[in-house]
Amino acid sequence: MTPATAVPELLLAVVLIAAPFTLPYAGGSIDMLQRILDWGIIGLGFDLLFGATGLLSFGQAAFYGTGGFVAAYLLVNNVIGSVWLALLIGTGLGGLFGLFVGVLAVRRIGIYFAMITLAFGQMAYFLENSPLSAYTGGENGLPGVPVPTIGGMRIEPGIPLYWVLAAIFFAGFVLARRILHSPFGAILRAIKENALRTGLVGHSVPAYKLAVFVIAALYAALAGGLLGVFQGYMPPDAFALDTSGQLVVQTIIGGVGTLIGPTVGATVWLYLHDNLQLIPGVGALWRLILGLIFVGLVVGLRRGIAGQIGAWLQRRMSVVERPDDAAPVDAPREPAMALPMIAPLSRADADAPALCAIELSKHYGGLHAVEHVSFSVREGSIHGVIGPNGAGKSTLFKLLKDEVPPTSGEVRLFGRRITGLGPARTAQLGIAKSNQLNQLFLELTVRQNLRIAALARSRGTFRLDLLRAAGSIPAVERQIEAVLDTMGLAHHADAPVHVLPYGEKRRTEIGIALATGPNVLLLDEPLAGMSPAERVTTRALIRELAQSRTLVIVEHDMDAVFELAERITVLYDGRLLADGAPEQISRDQSVQDAYLGGLHEYEPA
Amino acid sequence: MPSLPLLLSQAFNGLALGTLLALVSSGLTIILGTLGVLNFAHGALFMVGAYAIFVVAAATGSFVVGLLVGAVIMLAVGVMLERVLIRFFYDRPHEDQILVTFGAAIVIVEAVRAVFGGESQRVAAPDWGGGVTQLGFLIYPTYRLELIGIVAALLFALYVVLYRTSIGLVVRAGIEDARTVGILGINVRRAFLLVFAIGVVAAGVAGMLYAPIVSVDPDMGATFMVESFVVIVIGGLGSYPGAVVGGLIAGEILSITSAFNAAYSEVMLYAVMALLLVVRPQGLLGSEGRV
């Protein structure tokens with residue numbers, strides 16, 4: 001995830017410098033160039049929000065307009081003399097408005113998010129148009145926005161102002177690219193791929209979504225302020241629904257997730273807008289043509305122009321690493337290396353067990369999935385949880401990690417109550433879980449998958465480290481290497497996870513849990529789907545892991561459980577059936593009955 | 001403080017607007033609830049309805065014929081849209097569904113603009129809807145009273161279809177879990193087509209009924225659509241009763257506020273939505289954890 005090259009920056013600089021000398025000869029103009037860059041600046045933020053994080057907002061006009069009208073109002077009414085200061089204040093207030101809308105919107109996914117951002121965009125539009133029209137000029141907008149000065153020198157409209165815009169755009173691009181390749185950016189991508197797992201390994205998903213939403217709002221607000229400055233006039237349609245819609249269309253046409261895509265899309269849009277309109281008979285149809293192109297892109301070519309070019313370049317220039325048949329398909333090797341882990345939690349009570357369930361119950365409507373289950377897990381032991389299908393094992397695991405809130409009862413980690421903290425906080429305290437069904441970041445490589453988990457350990461639930469490179473934290477990289485080695489995934493470290501064979505996906509699943517450096521590791525059916533050879537080595541791995549940490553295992557492979565576990569808890573129909581040493585359990589009549597299906601007194605009527 | 005007659009008349013305006021919003025929103029919400037698709041083309045389809053009656057009523061001279069033919073046109077548009085575009089998106093991410101319906105909306109609006117031009121058109125109220133009615137405490141335009149009655153009847157008919165027929169049962173089961181319904185051997189895809197078409201007809205009929213009291217232009221659907229988004233956020237995502245209740249509440253908020261200060265009517269609607277999102281994020285009649 002490190003920005004390995006500065007080639008995109010260099011290319012951009014060349015294009016920005018060449019554009020004013022070439023485009024006017026190809027049907028463009030300096031004014032068009034300025035508008036393109038202005039759209040491009042909103043687009044940089046929007047692409048971080050939608051392209052990187054997957055949050056489709058239809059309300060960017062609200063922040064664009066806020067930034068624009070605040071700056072224009074301050075300047076036109078001589079509240080502030082400095083254009084730069086006015087831009088700064090406008091951008092800040094736009095970001096603040098973004099924070100307000102974001103708080104309400106990011107808790108919701110997909111559909112809700114789009115609807116709420118759209119609605120707040122309209123709210124801003126109506127605010128500007130009527131109640132605030134005394135300040136914003138209502139439908140007339142605000143004319144007379146002055147140009148900025150640098151060192152007392154006026155920057156004249158036209159070419160000089162273009163250079164200012166180009167410089168700001170360039171800085172905005174460099175910053176956005178840094179953000180994309182920072183640990184923060186890596187987590188944004190993880191949220192897009194699998195928000196659930198991102199939270200499970202210990203990141204606060206809502207906090208990251210809110211942060212990127214505010215960043216996008218800041219970009220939009222800055223662009224709004226600049227619009228007034230280079231046009232000398234702040235138009236009211238900055239707030240219009242069409243502005244948000246146009247941004248979405250431009251981004252899709254130009255290429256989602258490429259940063260430069262929205263700018264490319266704006267170029268296409270404005271070029272067609274300015275030139276097609278001059279052609280009689282076609283002029284009125286230019287939006288229809290763009291609409292058809294847009295639908296075609298959504299249906300078929302989903303990369304957009306910049307995305308398509310980028311993919312083509314990547315195919316040409318790089319040898320894509322994929323798992324080839326020549327690579328050794330090895331199972332997890334016998335682990336010798338001690339994996340680093342989180343320092344154990346300071347305990348409330350020296351004798352407290354590592355993990356302790358007290359009267360845990362979970363009801364789904366009338367279904368009592370888990371009912372009054374209590375047991376404790378000794379530190380450094382392997383604890384097995386068994387039971388027939390539907391006994392409530394997976395639900396119990398979700399309760400132990402606080403993935404779902406219990407109906408009653410509580411869980412204690414080293415004597416400390418963790419119920420109610422949620423999965424991200426419990427991960428930070430040292431509980432990790434590998435899931436029965438894989439929860440992977442499929443488009444990311446194995447290394448990147450593990451990095452998402454390892455980053456949680458070193459960074460806490462949220463950190464705004466926008467400028468450092470994602471792969472630049474030595475402790476995180478060491479942890480990744482250790483997990484790659486332990487899980488036998490080193491030879492496929494840089495292959496995208498979705499191309500891996502099932503057994504290796506399974507090992508990546510466990511590896512992600514391990515990479516958080518837990519001191520209590522919950523493994524939900526770790527052996528499921530593994531080959532016999534892999535089972536043998538994974539059993540060895542589990543034994544090895546138990547040297548340094550506490551393990552709780554749900555498994556249907558009875559041989560494995562009875563061989564590994566020091567203590568076994570048996571669930572049946574949501575209730576605790578037995579709890580004891582393996583020898584006790586294997587002799588227990590009720591357990592034998594449960595597995596033979598003859599448990600009459602426990603059978604529901 | 002506005003006078004009592006003004007408030008009363010605004011309350012009736014709110015009812016007329018509210019029932020229409022309820023009709024548009026219920027189309028949106030059954031599509032959303034059943035198909036899981038947020039239809040960004042809903043406003044455009046509302047506008048198509050208004051143009052359908054503009055054309056047919058002018059050609060035949062009858063508003064009722066216009067309504068009936070218009071409904072058939074909308075049905076055809078709905079079926080076509082589902083077959084050509086929407087059905088390929090059931091398994092795609094929500095964001096793609098939003099984008100494709102948003103794109104369809106642009107194409108529809110621009111196609112209408114290309115055919116009819118951008119200027120606004122007028123649709124005459126039917127002869128039986130002319131003049132005003134003396135309610136004793138209020139004199140009120142007859143057409144708006146009839147409008148309230150017609151839309152209420154349509155909403156009731158939709159309720160009967162959804163809650164009292166076996167097709168409705170399939171649809172409501174599909175809202176809960178489309179996969180299971182499919183496994184049970186019921187053709188869910190056909191139910192989906194039906195639901196989409198009904199939703200489109202609801203939007204279109206609302207557009208037709210609304211046409212005589214506003215000016216008809218290609219962009220008329222946008223505001224109405226955003227308002228119906230607010231309605232289903234207020235009422236609860238995918239809930240039919242929520243759409244009706246939310247629609248009535250939204251209509252009254254818009255109308256009553258404008259009796260005090262017209263500048264704030266839209267703003268007030270969004271403020272109420274924001275407040276509700278804080279206090280009860282799942283909406284008035286929505287259940288937590290859905291969609």
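This is a predicted model: local features need pLDDT of at least 70, side-chain atom pairs count only at pLDDT 80 or more; totals for chains, interfaces and linings use all residues.
Helix axes here are lines fitted to C-alpha atoms over the stretch in contact, with angles running from 0 to 180 degrees between N-to-C directions. The axes of H5(A) and helix H10 of chain B (residues 265–279) come within 9 Å of each other, crossing at roughly 145°. The crossing of H5(A) past H10(B) is left-handed.

Who meets whom? From H5(A) the residues are A:Ile116, A:Ala119, A:Phe120, A:Gln122, A:Met123, A:Phe126 and A:Leu127, and H10(B) answers with B:Glu266, B:Val267, B:Tyr270, B:Met273 and B:Leu277. Sorted by class, that contact has 10 nonpolar residues, one polar and one charged.

Now step back to the whole contact between the chains: chain A puts in 33 residues and chain B puts in 33 residues. On chain A's side, helices H5 (110–129), H10 (241–254) and H12 (286–299) each supply at least two residues. H5(A) gives the most, with 13 residues. The class tally for chain A's side reads 25 nonpolar, six polar and two charged.

A word on confidence. Chain A has an average pLDDT of 88, and 92% of its residues score at least 70. Two stretches of chain A with pLDDT under 50 are listed here:

| Stretch of chain A | pLDDT | Contacts beyond four places in sequence |
|---|---|---|
| residues 320–329 | under 50 | 11 contacts |
| residues 601–605 | under 50 | three contacts |

Definitions and conventions. Residues are numbered from 1 along each chain as its sequence is written. Chains are lettered from A and ligands numbered from 1 in the order in which they are written. Two residues are in contact if their C-beta atoms, placed from the backbone, lie within 7 Å. Helices (H or I, at least four residues) and strands (E, at least two) are DSSP runs, numbered from the N terminus. Ala, Val, Leu, Ile, Met, Phe, Trp, Tyr, Cys and Pro count as nonpolar, Asp, Glu, Lys and Arg as charged, and the others, Gly among them, as polar. pLDDT is the predictor's confidence in each residue, from 0 to 100. A crossing is left-handed if the near helix is turned anticlockwise from the far one by less than a right angle, and right-handed if clockwise.
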